[in-house]
Amino acid sequence: MFWIALGFLGNGFAQFFQKYLHALGLGSYQAVALLLMYFVGLLFAIALLKANRAVLSRQSIWSGSLTAVASYIGNYAVLQALGTLPAHVVFPLIVGGPILLVAAWQYFFDRLSLSTRRIAGLVCGLFAVILLTTAD
Amino acid sequence: MGLLFCLMATGAFTAFFLLIDRSQQRGVDPWALNATTFGVGLLVSSAASFSSLNIEGVPPALFLVGSAIGIAAGLGMLGITFSVRSGLPIAIVNTAVSLSLAVPVLGSVILLNESITLQSVIGLVLAAGSIYLLQGDR
């Protein structure tokens, strides 16, 4: 429960600070902000790596590289999509889409059991995402 | 063209979550995964924006907010990775983390004194209901 709360709050506050950047009138510095985000995130990650006496392995470098490239391609595509489509079309698709696709992947390939409660939670979450991303 | 980019983003974010899931099935250390992801992310974004980057006259506030985004994103990534490592299915983790959209909505109301619409309130109630349903079914 602690880790999922951390994932929820960490991602939530990252989005809030991005919004705060625009509220401060610094929205035109997106590229510098993105570099700073990766740079400070890396320093923070190295500090945690050292503190926990963890070491980089070939497998972690391989997995981390693929994860980083997927994240970068996703963010690049979002910026490009926002150039031609309104945000209320882009965000429900790019946030709601992965919820459905990951659940479908786990159901078909990882044999994830979908109880009535889980299905209700996923559907509820999907509608919440649509409402929150299309609200003015 | 815009829809094509939306599909590309959807595919990339789906791959992002599935890759984290696979890495934890293979026992990759979460601290090392986090460090590598941010390291490679820095390299890729530097290479992509190097020619157009202009850091002259960057306001000091940007350094503070940019750093806060980096630390929050790092904690978020660790939360996702350790949740999967603890045995939660990535489909559940992904849904719960996607609902973090509620944080900027609430933060804007509390800290930036923005008004909230009925649609956002219903969205927040559904988000809370979704988290309740998902976290109670492991």
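Mentor: Between them, chain B and chain A bury about 8900 Å², and 79% of that is on carbon and sulfur atoms. Buried area here is the accessible area (1.4 Å probe) that two parts lose on being put together, summed over both. Keep in mind that this is a predicted model: local features need pLDDT of at least 70, side-chain atom pairs count only at pLDDT 80 or more, and totals for chains, interfaces and linings use all residues. Residues are numbered from 1 along each chain as its sequence is written, chains are lettered from A and ligands numbered from 1 in the order in which they are written, and side-chain values use heavy atoms, with hydrogens and water left out.

Trainee: Which three residues of chain B supply more of its buried area than any other three?
Mentor: B:Trp31, B:Leu62 and B:Ile69, with 7% of the area that chain B buries against chain A.

Trainee: And how many residues are in contact?
Mentor: 106 residues of chain B touch 96 residues of chain A, where contact means heavy atoms within 4.5 Å.

Trainee: OK, charges. How many salt bridges are there between chain B and chain A?
Mentor: Two, counting a side-chain nitrogen of Lys or Arg within 4 Å of a carboxyl oxygen of Asp or Glu. One of them joins the side chains of B:Glu114 and A:Lys19, at 3.1 Å, N to O. Over all chains the count is three. In the B:Glu114 pair, the glutamate sits in the loop between H5 and H6 of chain B, and A:Lys19 is in helix H1 of chain A. Helices are DSSP runs (H or I, at least four residues), numbered from the N terminus.

Trainee: What does the side of chain B that touches chain A have by class?
Mentor: That side has 65 nonpolar, 34 polar and seven charged residues. Ala, Val, Leu, Ile, Met, Phe, Trp, Tyr, Cys and Pro count as nonpolar, Asp, Glu, Lys and Arg as charged, and the others, Gly among them, as polar.

Trainee: Switching topic: what's the volume of the second largest pocket?
Mentor: About 200 Å³, which is the space filled by probe spheres set on the grid points, joined across faces, edges and corners. A pocket is an open set of points on a 1 Å grid over the protein atoms alone, where a 1.4 Å probe fits, with protein on both sides within 12 Å along at least five of seven lines; lining residues have an atom within 4 Å of a point.

Trainee: Which residues lie nearest its centre?
Mentor: A:Met1, A:Ile4, A:Ala5, B:Ile131 and B:Gln135, out of 12 lining residues. H1(A) gives the most to that lining, four residues.

How values were computed:
Helix = DSSP H or I, 4+ residues; strand = E, 2+ residues; numbered from the N terminus.
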